[in-house]
Amino acid sequence: MNYAAIIKQVGRGRDSARALSRADAAALFGDLLDGRVPDVHLGALLLAYRIKGESLDELAGFLDALHARVPVIAAPGRTVVLPTYNGARTMANLVPLLALALARRGVPVLVHGVTNDAGRVASAEIFAALGVAPSADAPAAARALGADRLAFLPVDRLAPGLARLLDLRRVLGVRNSAHTIAKLFAPVREPLLLASATHPAYLATLRDYYLAHPADVLLMRGTQGEAVANARRAQAIDWLHDGMVERVVEAEDGSVLALPELPALDAASTAAWIRRVLAGEAPMPAPVARQIEVIVTLATRGQAAAERAA
């Protein structure tokens, strides 16, 4: 591809830049994933998109390129996909609690994400403290889903090209389009995706995207960037499906009256507390409990519909 010409098109700032077509975006992101873009063009493209933002067609094209390079994971029944790419830096990371609680309810959960993040406690660290080993590859993740209803697949084993783009944050100092795509990626058939965004404007973009490209998605403002309910104040959660938006959890006004007991930030303390919650020795935070019930209901409904269709 003529990368200089593409930079000229997308690199003119938020107001003057022009978006690529879906096909051209897929070709470009495919080159990025495959490591074919020279470093000077690579940095310019990533920063250009950081400033411009991705159009709906560009998001679709980027996802097309990623799906073309990653095998579909064989999953049992209706599978929840929970991307984890932020971790925690101010409050305990409850992504592993959500995943384990769903698995115990019989809902298969595929978690994919980074294994570490400087200055944050990654979900992978908490899974390790809980004895949940990462899957070595997609077939191993499929086996774990079948046996335990839970698999954690590190992004470098799921999509090495995507992992390389994510790692460029350490070089460039800012996130790039790969961080967005990672959170929208669901490598199973007919998933229920848990998606989140931090900024209200980007929540609107994702809502528009899934209205234009229908899928089963639970969309919320992330807790420290993660798609798990805030234990201290529930966010609104929307269910996007069949080109419609349905509010399934209402936001709470202010903090909850009784703040839940939460562990220290580190992985060992969080894992020990999660064990207590799952054993019934400590209460499940009410917002997380509501999120779990919504997910179980939708996953069960989706599974029944799939069985009737078959």
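**Exercise 1. Determine which element gives the largest share of the lining of the largest pocket, and describe that lining by class.**

Solution. Helix H12 (177–184) gives the largest share of the lining of the largest pocket, with five residues; helices here (H or I, at least four residues) and strands (E, at least two) are DSSP runs numbered from the N terminus. The model is predicted, so that local features need pLDDT of at least 70 and side-chain atom pairs count only at pLDDT 80 or more, while totals for chains, interfaces and linings use all residues. Residues are numbered from 1 along each chain as its sequence is written, and side-chain values use heavy atoms, with hydrogens and water left out.

A pocket is an open set of points on a 1 Å grid over the protein atoms alone, where a 1.4 Å probe fits, with protein on both sides within 12 Å along at least five of seven lines, and its lining residues have an atom within 4 Å of a point. The lining numbers 29 residues, with Arg50, Arg175, Thr180, His199 and Tyr202 nearest the centre of the pocket. Besides H12, the elements giving two or more residues are H4, strand E4 (192–197) and helix H13 (200–212). By class, the lining has seven nonpolar, 13 polar and nine charged residues, where Asp, Glu, Lys and Arg count as charged, Ala, Val, Leu, Ile, Met, Phe, Trp, Tyr, Cys and Pro as nonpolar, and the others, Gly among them, as polar.

**Exercise 2. Describe helix H3 and identify what its buried residues pack against.**

Solution. H3 (residues 22–34) has 13 residues and reaches 18 Å from its first C-alpha to its last, close to the 18 Å expected at 1.5 Å a residue, the expected span being 1.5 Å times one less than the number of residues. Its buried residues (under 20% relative accessible area, 1.4 Å probe, protein chains only) include Ala25, Leu28, Phe29 and Leu32. They pack against H1 (3–10), H4 (39–52), H5, H10 (160–167) and H12. After the helix comes Gly35, with a positive phi near 75 degrees.

**Exercise 3. Locate the largest nonpolar core and the contacts of Ile73.**

Solution. A nonpolar core is a set of buried Ala, Val, Leu, Ile, Met, Phe, Trp, Tyr and Cys residues joined through side-chain atoms within 4.5 Å. The largest has 60 residues, and Phe29, Leu45, Ile73 and Leu162 have the most contacts inside it. Its largest share, six residues, comes from H5 (residues 56–69). Leaving aside residues up to four places away in sequence, Ile73 touches, among others, Leu110, Ala138, Pro187 and Val188, contact meaning heavy atoms within 4.5 Å.

Methods
Buried means under 20% relative accessible area, exposed over 50%, partly exposed in between (1.4 Å probe, protein chains only).
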